[in-house]
Amino acid sequence: MSTPPSSVGFTRRSFLGAGGLAAVAAQTVAPTLLSSDTAAAAQPQSADDAYLAAAEEAARWIAGARVTKGTGIGWLPDPDHPEKPTTVGPDNTIYSGSAGTVLFLLELAAATGNQAYVAEARRGADYLVSSWKSLPGNTTSLLPDQGLSFDQGLAGIAFTLAETWKVTRVPAYHDAALEATRALAGAAVPAGKGVQWVSSPAVGLGGGIILYLLYAARTFKQDTLLKLAARGGNRIIQLGQPDARGGLRWQGLPEQSARKAAAGIPQDAYFPNFELGTAGVAFVLARLYEETRQAAFLEAAKAGARHIQSIATVKGNAALVYYREPDLQDLYYLGYCHGPAGTARLFYQLHKVTGEPDYLEWTEKLARGVIEAGVPEKLTPGYWNVACQCCGAAAEVDFFLSLWLATGKRTYRDFARRIADQLISRETNLDGKGYRWYQAWTRVRPWEVSAETGYKIGASGIGAALVHTHLAIADRYNAILFPDNPFPRTQHT
């Protein structure tokens, strides 16, 4: 395996998790959900049942990390190190906190019919109801601008509460989600020709807030949220920069940042892909066009797509987009954050709103880039021993299942299943407490491995991908899709 140059003195964990949120006191309690005595019930009866059984084994391991949180519960992010109440982000958010686990449990309940998972999810949601007010705004303990974001902030908590309400119809979850949404809307500040919440338009920051508001406008039937999101889009258009190679680009991270320097990232670093780059920003604009039909949003989104096409590495009918400029243009991530599983969403969204076949072809070009990289059997430098939803195998499973749903091509479902099979083969359960996945999430330090419970970084997200695989093979696919996912939610849409 090759790694980036030694001058790159940072990891994703050190960058995203610098100065984690102050610890919330938690008392470990004995798990009651899926104890080892009932594990036999999860034994598979057929090949597709193996995926559901593995997801339930992941839930059993997560249950062993349950901690009390006032009137609700949470889950330790890194059970091997119970002294750590947080890892990458706050303990009640989606990325590595309890909100993501709530979403996984809701999906597992729907797939299995086991209402114990709903009860567990409700206890997690109870903690979110009581804790979301600690997040709005910026704090010194969070990365700049993360407190209102989707993955590590308020928007994601509001989404989780809204999805829990949809399943349970408990008014407290609806009311808390709506109150949190109003707080998020109230945090918008005038900027240029529109508004912004944070300094960056990236999906991982300000762009994700706009996507959540589009979701909330429909969920709560509030047109004012749509209008506010559109004002955020007006500001994003202003921030676009013409690129000599073609199209428009957006800077996902401030060009001058003390935190970038501390993390070893060059001050002029540019990330082109989804989480922190142009692909994600252009996707936000394409979604705004879908909801508003304002031509300016579509024009800017297409310009962003042209830029991505201009810098892509294309070989035959396959394409990949490198990690970042100017120093790592020979490194290709394959997951969601900086790889095709995220960036392809831009092209599929443009295909949805325009009907132009070229955008669907580019969606599939990026998929072929993953296939021709040799995964899952080959661990490439940008895919090195990473199993999670953010940048690893679980993201690929969901990406290829989505392509199957979108195109009807069974080869994509078969490839997703191949990756899911490999995921199951990599589980660890030496102590009999359930499945977890040890991975080198930092990637540039492959000797550092950990097993986490959260959605974007750990067993909850991996379990969700396995649930989706089971449902796809059973021809009853149904998923909770995040606001940045343009693919079909169900098998028959």
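Colleague: How many cavities of 30 Å³ or more does a search of the whole structure find?

Modeller: Rolling a probe the size of a water molecule over the atoms shows where empty space is left. In this structure, which is a predicted model, a search of the whole structure finds 7 cavities of 30 Å³ or more, and the largest cavity has a volume of about 250 Å³.

Colleague: Which residues lie nearest the centre of the largest cavity, and which helices each supply at least two residues of its lining?

Modeller: The lining of the largest cavity is made up of 19 residues, with Arg345, Gln389, Asp398, Tyr455 and Asn485 nearest the centre. Helix H12 (340–354) and helix H14 (393–407) each supply at least two residues of this lining, and H14 gives the most, with 4 residues. Sorted by class, the lining of the largest cavity has 11 nonpolar, 4 polar and 4 charged residues.

Colleague: What is the volume of the largest pocket, and which residues are closest to its centre?

Modeller: A pocket, unlike a cavity, is an open set of points. The largest pocket has a volume of about 410 Å³, and among the 18 residues that line it, Tyr215, Arg218, Arg287, Pro483 and Asn485 are the closest to its centre. Two or more residues of the lining come from each of helix H5 (154–168), helix H7 (206–219) and helix H10 (278–292), with H7 giving the most, 5 residues. By class, this lining has 8 nonpolar, 2 polar and 8 charged residues.

Colleague: How many aromatic pairs does the structure hold, and why is the pair of Phe271 and Tyr323 edge-to-face?

Modeller: The structure holds 16 aromatic pairs. Ring planes over 60 degrees apart count as edge-to-face; the planes of Phe271 and Tyr323 stand at 75 degrees, with the ring centres 5.5 Å apart, so this pair is edge-to-face. Because Phe271 lies in the loop between helix H9 (258–262) and H10, and Tyr323 in the loop between strand S9 (318–320) and H12, the pair ties together parts that are 52 residues apart in sequence.

Colleague: Is Phe271 buried or exposed, and what of Tyr323, buried or exposed?

Modeller: Buried means under 20% relative accessible area; Phe271 has 3% relative accessibility and therefore counts as buried, and Tyr323, with a relative accessible area of 3%, is buried.

Colleague: Where does the charged end of Arg169 sit, and over the face of which residue does Arg345 lie?

Modeller: The charged end of Arg169 sits over the ring of Trp165, 4.3 Å from its centre, while Arg345 lies over the face of Phe274, at 5.8 Å from the ring centre.

Terms used. Residues numbered from 1 in each chain as written. Predicted model: local features only at pLDDT ≥ 70, side-chain atom pairs only at ≥ 80, totals over all residues. Heavy atoms only, no water. 1 Å grid on protein atoms, 1.4 Å probe; cavity = no way out; pocket = protein on both sides within 12 Å on 5 of 7 lines; lining within 4 Å. Points joined across faces, edges and corners; volume = space filled by probe spheres on them. Nonpolar A, V, L, I, M, F, W, Y, C, P; charged D, E, K, R; others polar. Phe/Tyr/Trp six-rings, centres within 6.5 Å; stacked < 30°, edge-to-face > 60°. Buried < 20%, exposed > 50% of the residue type's maximum accessible area, 1.4 Å probe, protein only. Lys NZ or Arg CZ within 6 Å of the ring centre and 35° of its normal.
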